[in-house]
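Here's a quick briefing to read with the model open beside you.

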Amino acid sequence: MFFLYSTGIRIFGLMIRLSAKFNHKARLWVQGRKQLFEILEKAIENKPMAKRAWFHCASLGEFEQGRPLMDAFRLEHPDYLIILTFFSPSGFENRKNYKGADIISYIPLDTRDNAARFLEIIRPDIVFFVKYEFWFNILDILQQKNIPHYLVSAIFRADQHFFKWYGDWPRSVLKGFTHIFVQNEYSAELLEFVGITNVSISGDTRFDRVVEISSQAKQFPLIEAFSKGETVLVAGSTWPADEEILVKYMNENPGKVKLILAPHEIHDSEIQSLISQSGIAAARYSTFTEDQSAKTSILIIDSIGLLSQIYRYGKIAYIGGGFGAGIHNVLEAAVYGMPVFFGPNYGKFHEAIELISAEGGITFHNYTDFEKKLNHFLEDPSKLSKSSAASKNYVISRIGASSVILDFIRKNSIYTQSQ
């Protein structure tokens, strides 16, 4: 099985290298791994700390999920060298200057040779994988060397290969984790059903992170001027299918809300297209002035990294992706206490399902459904207030996963017994 897996990994790497000729993200993926081992060796030599903790995140979302745990680990163990790796360029490029880690790198392609060399260079004393990313060669070597390694904020579904008749080999790798911290009881039950019992229900560290972000209270004077005295709908990480609905609503319901729109893609052509589709005044954030506030109904955020803070200016949120592969982060909006709207493709997102049950999440199937449900909230202040409180309470009631994980490791892990 390892031979077949490694062969598949090599084919995957070849495909990325071929696509790098015409795909920017693939090109970053390839370029970021050039001389990776040499760069790591030099970085390690320059930071000769005795103990090392390795945190791995697939991409930016997993980094935000793992960050509260990483920050808490840093506070508790300042003597550790913290190594942070990413698989995706969207994670590495956005967080390569993160001050909470000592060394930040891509993870190498998971061939047997690469895995062995990588682990020989970083020599971790403890390892954390955030949510998923099962690189079997790396995991196998960690298990052979008895290096404590944990899967945190994990979530499992019955349709995953771990739970199929042909899943013996991937299940054996899961069993090798020192411990698995899952988000919910259903995930724990799935694992128990296939004989994996080294599991605890800790919750999701993303709740810790969004509460931390909301407490930072950064100010954006131009957005504040745009929003002052208005009912604002903040739409985040939107795709064309979402934007079609939002722009149509604004055109057909003038004056009901102001819209802050943060598209997932901020290419100039897409933003110009959005502005041209709007029958009412729309403006780019990058060129917006306070004098435009009164006459502007749609403010398009054409900068990255602002969304999680901008939700604070809304009364209602719209999360994009629900008409595509799946919705984006609902918690970033819910923490500010507002109803959170999203399209029908949310079934893989446990927090969205729970938010609906808590009456803080609202799903819809098309424009007519969206218009009806949004107007119902706008015309019924008591319903808006109730749903807003439900969203806030849902998030606050679930914080603390990072503490649960560290408490368990402190009491049970080999690495702490020698402290």
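Helix α7 passes helix α8 in a left-handed crossing. Keep in mind that this is a predicted model.

**α7 against α8**
- To find the pair, look at residues 136–144 for α7 and 168–175 for α8; their axes come within 10 Å and cross at roughly 45 degrees.
- Because of that angle, α7 counts as oblique to α8.

**α1 against α2**
- Helix α1 covers residues 2–19 and helix α2 covers residues 24–32.
- Their axes come within 8 Å, with a crossing angle of roughly 120 degrees.
- That angle makes α1 oblique to α2.
- The handedness of this crossing is left-handed.
- On α1 the contact uses F12, I16, R17 and S19, while α2 brings in A26, W29 and V30.

**α4 against α10**
- Now go to helix α4 (residues 60–76) and helix α10 (residues 205–216), whose axes come within 7 Å.
- They cross at roughly 85 degrees, so α4 is roughly perpendicular to α10.
- From α4, the residues in the contact are E64, Q65, G66, R67, P68 and D71.
- From α10, they are T205, R206, D208, R209, E212 and I213.

- R209 sits in helix α10.
- Is R209 buried or exposed? It's buried, because its relative accessible area is 7% and the cut-off for buried is under 20%.
- Leaving out residues up to four places away in sequence, R209 touches E64, R67, P68 and Q216.
- Among those partners, E64, R67 and P68 are also on the α4 side of the helix contact.

**S187, inside helix α9**
- You'll find S187 in helix α9, which runs over residues 185–193.
- Its relative accessibility is 0%, so S187 counts as buried.
- Which residues does S187 touch, not counting those up to four places away in sequence? They are A154, I155, F156 and V182.
- With F156 there's a polar detail to look at: a polar atom of the S187 side chain lies 2.9 Å from the backbone nitrogen of F156.
- For a sense of distance, S187 and L142 are 45 residues apart along the chain, and their C-alpha atoms are separated by 24 Å.

**F349, in a loop**
- F349 lies in the loop that joins β13 (340–342) and α16 (350–357).
- F349 counts as partly exposed, because its relative accessibility is 22%.
- Setting aside residues up to four places away in sequence, F349 touches G326 and I327.
- F349 and I327 are 22 residues apart in sequence, yet the C-alpha to C-alpha distance is 7.8 Å.

Technical notes:
Residues numbered from 1 in each chain as written. Predicted model: local features only at pLDDT ≥ 70, side-chain atom pairs only at ≥ 80, totals over all residues. Heavy atoms only, no water. Axes fitted to C-alpha atoms, helices over the stretch in contact; angles between N-to-C directions. Helix = DSSP H or I, 4+ residues; strand = E, 2+ residues; numbered from the N terminus. Parallel < 35°, antiparallel > 145°, perpendicular 65-115°, else oblique. Left-handed = near helix turned anticlockwise from the far one by under 90°. Buried < 20%, exposed > 50% of the residue type's maximum accessible area, 1.4 Å probe, protein only. Contact = heavy atoms within 4.5 Å. Polar contact = N/O pair within 3.5 Å; in protein donor to acceptor, adjacent residues only side chain to side chain.
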